[in-house]
Amino acid sequence: MIIMKKSFDRSLTVSQELQKKIAIIIQRSLKDPRINKIITVCAVQLSQDLSYARIFIGLFDEQDKTNTRSILSVLNRSTNYIRKLLFKSMRLRIVPNLIFVYDDSYLKGTRIANILSHLKR
């Protein structure tokens, strides 16, 4: 009988779970009035030792750059609170340090799609 090893990538599993949990925490637990936009957690990038996590967020209707900066600063200031909630809800020995980063790839993609649709006409 041949036993095959399962390919198991812990960082991928942890990053997917972090993405889900952080999105729920931002949506339900953060009660800051400066967060007045819909925030999506686009991706989570973990370091190899799982001690740092870079969270890429996207905002809908982000025409105002100062508002985007203030939302990022609120999120980065509330990382200890978010980490505490993650510790309670996940089975991790060490919850990674969180760094929130703005991801504008969705905007760039829609802009390129609009340009391409105008070129077809």
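What follows is a short exchange on how some labels were reached.

Modeller: Keep in mind that this is a predicted model.

Biologist: Why is Leu119 called exposed?

Modeller: Leu119 has a relative accessible area of 65%. Exposed means over 50%, so Leu119 is given that label. Leu119 lies in helix α4, which covers residues 105–120.

Biologist: What makes Leu119 part of a nonpolar surface patch?

Modeller: A patch takes residues with over 30% relative accessible area and no salt bridge, and joins nonpolar side chains within 5 Å. The value for Leu119 is 65%, and the patch is made by Leu119 together with Ile112, Ile115 and Leu116. The patch area is about 420 Å².

Biologist: Why is Phe60 called partly exposed?

Modeller: The relative accessible area of Phe60 is 41%. Phe60 is found in the loop between β2 and α2.

Biologist: What does Phe60 touch, not counting residues up to four places away in sequence?

Modeller: Phe60 touches Lys37, Ile38 and Thr40. Lys37 is 23 residues from Phe60 along the chain, and their C-alpha atoms are separated by 6.7 Å.

Biologist: How do you know that β1 and β2 pair?

Modeller: Pairing needs at least two bridges. Strand β1 (residues 39–46) and strand β2 (residues 52–59) have seven, in the antiparallel sense, so they count as paired. As one example, Ala43 has Phe56 as its bridge partner in β2. The hairpin has five residues between the strands, and Leu50 takes a positive phi near 60 degrees there.

Conventions: Residues numbered from 1 in each chain as written. Predicted model: local features only at pLDDT ≥ 70, side-chain atom pairs only at ≥ 80, totals over all residues. Heavy atoms only, no water. Patch = residues over 30% accessible without salt bridge, like charges linked within 9 Å, V, L, I, M, F, W, Y side chains within 5 Å. Areas by Shrake-Rupley, 256 points an atom, 1.4 Å probe, with all protein chains shown as cover. Salt bridge = Lys/Arg side-chain N within 4 Å of Asp/Glu carboxyl O. Helix = DSSP H or I, 4+ residues; strand = E, 2+ residues; numbered from the N terminus. Buried < 20%, exposed > 50% of the residue type's maximum accessible area, 1.4 Å probe, protein only. Contact = heavy atoms within 4.5 Å.
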